[in-house]
Amino acid sequence: MVFYFTGTSNSLYVAKELDEKIVSIPQIIKKERLEFSADSIGIVCPVYGHEMPGMVKEFIRRASFGTDYLFVVLTYGSHHGGAAEIADLFIRDAGKKADYITTIEMVDNFLPVFDMNEQMAKDKQVGKHLEEIRTAIREKKCGIQKASLAEKTAHKMYTKMVKNAPETVWAAFRVTEECVGCGICTRVCPAGCIRLENQYAVHSKEGCQACFACVHACPKMAVQFALPNPEKNPAARYRNEHVTLCELVKSNDQTLEDCGMDGGRV
Ligand SMILES: Cc1cc2nc3c(=O)[nH]c(=O)nc-3n(C[C@H](O)[C@H](O)[C@H](O)COP(=O)(O)O)c2cc1C
């Protein structure tokens, strides 16, 4: 069983590749009781500012995992900054223990800094790394990925720059007049932060995970990161090529009544 959180589908793709039974964290977290048992339990999510998204941390804090093997796979785009060790610390603080934590480099969806077309053109050898992770998990390999010196340096530089949780810094989005009120942004948002008012998308900061799902999925590119500087490539957006928009909606839509779980117990 694999629990996942995603904004632009990298983590959903990885989750699908690792297990047949995958569960959306934004949907299951609405349940009161989060008790799970399985031979092996996994968590897949993106790295935001070298950490796991706030919602994933809340899920880990609240959930109880009855398993012999808990693993975490963190998808990232350029520098994970020692995210595996950082996640390990968090999980221990939450009174749990992960047996295996690793990272996998994929397209970096942080469009204030990266051109999505350039990112997509890079061969990050995702298939090969995914196969290595799949084998490690099948063999129930144990260990927490160690941060290299370069990643430790990246983390030091980053923490000097950003003092607060990433979502408090990056949860700033504006909607332009191009908005046609199609509502896609409201349905890909894993935190239910966007609503339509008079056929116009309105984003509210409260609960926003800064996952950029709304920005990347808008067919009119009307949802934008509210940054004074222009984006690297305002004409480029991203969704993992192995995941359809429909799958992303199914995994994140907060208006879906039931995620098919019995009281949160699986
Ligand atoms: C707000 C935000 C912060 C991010 N921070 C990092 C980071 O610190 N290091 C990194 O390598 N990638 C970072 N990324 C890129 C994502 O971790 C990466 O693209 C991930 O695979 C996206 O997963 P998803 O498609 O499942 O949402 C960040 C992306 C966003 C939106």
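**Overall make-up**

I looked up the secondary structure of the protein chain and found eleven helices and twelve strands. I note that this is a predicted model.

Next I checked the size. The C-alpha trace spans about 50 × 45 × 35 Å along its principal axes. With 266 residues, a compact globule would have a radius of gyration near 18 Å. The chain has 18 Å, so the value agrees with that of a compact globule.

I then looked at burial. Of the 266 residues, 41% count as buried.

How far apart in sequence are the residues that touch? I took contacts between residues at least 6 apart in sequence, and 75% of these join residues at least 24 apart.

**Strand β4**

I turned to strand β4, residues 40-46. Is it covered or open? It is mostly covered, with six of its seven residues buried.

I looked up its partners. Strand β1, residues 2-4, pairs with β4 in the parallel sense, over three bridges. In this pairing V2 stands opposite G42 of β4.

Strand β6 covers residues 69-76 and also runs parallel to β4. How many bridges join β4 to β6? I found seven. Here C45 stands opposite L74 in β6.

**Helices α1 and α6**

I went on to a pair of packed helices. Helix α1 spans residues 10-18 and helix α6 spans residues 126-138. Their axes lie 10 Å apart, at an angle of about 45°.

Which residues make the contact? From α1 I noted V14, E17 and L18. From α6 I noted L130, R134 and I137.

I also checked the handedness. The crossing of α1 past α6 is right-handed.

**Residue M120**

Why does M120 count as partly exposed? I found 13 other C-beta atoms within 10 Å of it.

What does M120 touch beyond its neighbours within four places in sequence? It is in contact with V107 and Y238.

I checked one more distance, from M120 to R239. These two are 119 residues apart along the chain, and their C-alpha atoms are separated by 9.9 Å.

Definitions and conventions
Residues are numbered from 1 along each chain as its sequence is written. This is a predicted model: local features need pLDDT of at least 70, side-chain atom pairs count only at pLDDT 80 or more; totals for chains, interfaces and linings use all residues. A residue is buried if 20 or more other C-beta atoms lie within 10 Å of its own, exposed if 12 or fewer, and partly exposed in between; C-beta atoms are placed from the backbone. Two residues are in contact if their C-beta atoms, placed from the backbone, lie within 7 Å. Helices (H or I, at least four residues) and strands (E, at least two) are DSSP runs, numbered from the N terminus. Two strands pair if DSSP finds at least two bridges between them. The radius of gyration is taken over C-alpha atoms; the globule rule is 2.2 Å times the number of residues to the power 0.38. Axes are lines fitted to C-alpha atoms, for helices over the stretch in contact, and angles run from 0 to 180 degrees between N-to-C directions. A crossing is left-handed if the near helix is turned anticlockwise from the far one by less than a right angle, and right-handed if clockwise.
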